[in-house]
Amino acid sequence: MFAPPSPSLPCALPAEHRERLMAAAREVSFPQGTRLFEEGGRADRFWVIRTGTVELDMRVPGRRPLVIERLGHNELVGWSWLFRPHVWHLGAEAATPVRAYEFDAASVLALCEEDAELGREVTRWVGEVVAHRLHSARIRLLDLFGPYGAGAAV
């Protein structure tokens with residue numbers, strides 16, 4: 001559970017912290033086409049996908065939202081809840097039926113406040129996810145706009 005989005009990242013959360021966090025989870029389901037959140041909205045929860053696919057998208061004036069990433073099994077959906085101003089930077093939609101663990105941000109933040117070690121581990125985990133996604137976005141941009149082969153992994 002909470003495996004990193006890439007095999008190159010270390011295990012996301014130690015077992016004892018994972019168990020503590022899971023105590024705050026509730027199981028949810030979303031039919032295909034459900035909007036989980038909208039860009040600019042209040043980020044007050046997050047999810048870890050059990051089954052299905054969620055697409056992250058961004059608004060483009062005059063067009064449909066542009067899909068920029070697809071997330072699946074064991075991946076974190078939403079990190080804006082952890083960082084001020086707690087506003088979604090992207091939108092998210094269930095591309096297929098989705099089953100997930102949902103976490104209330106205020107509850108998780110309270111757990112992190114009372115247990116500093118848990119707080120550090122959760123922050124590290126989310127930070128690694130953000131860093132991985134920024135790196136992936138950079139590679140995609142190089143593939144789209146850079147010289148031929150510029151985004152190839154080295």
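**Exercise 1.** State how many helices and strands the chain has, and their order.

*Solution.* Step 1: the chain has 3 helices and 8 strands, taken as DSSP runs numbered from the N terminus (helices H or I, at least four residues; strands E, at least two). Step 2: read from the N terminus, the order is α-β-β-β-β-β-β-β-β-α-α. The model is predicted: local features need pLDDT of at least 70, side-chain atom pairs count only at pLDDT 80 or more, and totals for chains, interfaces and linings use all residues. Residues are numbered from 1 along each chain as its sequence is written, and side-chain values use heavy atoms, with hydrogens and water left out.

**Exercise 2.** Describe how α1 and α3 cross, and which residues meet.

*Solution.* Step 1: the axes of α1 (residues 15-22) and α3 come within 10 Å and cross at roughly 90°; axes are lines fitted to C-alpha atoms, for helices over the stretch in contact, with angles from 0 to 180 degrees between N-to-C directions. Step 2: α1 is therefore roughly perpendicular to α3 (65 to 115 degrees). Step 3: His17, Arg20 and Leu21 of α1 meet Glu117, Leu118, Glu121 and Trp125 of α3, where contact means heavy atoms within 4.5 Å.

**Exercise 3.** Find what share of the chain is buried.

*Solution.* Step 1: apply the cut-off for buried, under 20% relative accessible area (1.4 Å probe, protein chains only). Step 2: of the 154 residues, 38% count as buried.

**Exercise 4.** Give the share of contacts made by residues 24 or more positions apart.

*Solution.* Step 1: take the contacts in the chain with a separation of 6 or more. Step 2: residues 24 or more positions apart account for 73% of these.

Key: Parallel < 35°, antiparallel > 145°, perpendicular 65-115°, else oblique. Buried < 20%, exposed > 50% of the residue type's maximum accessible area, 1.4 Å probe, protein only.
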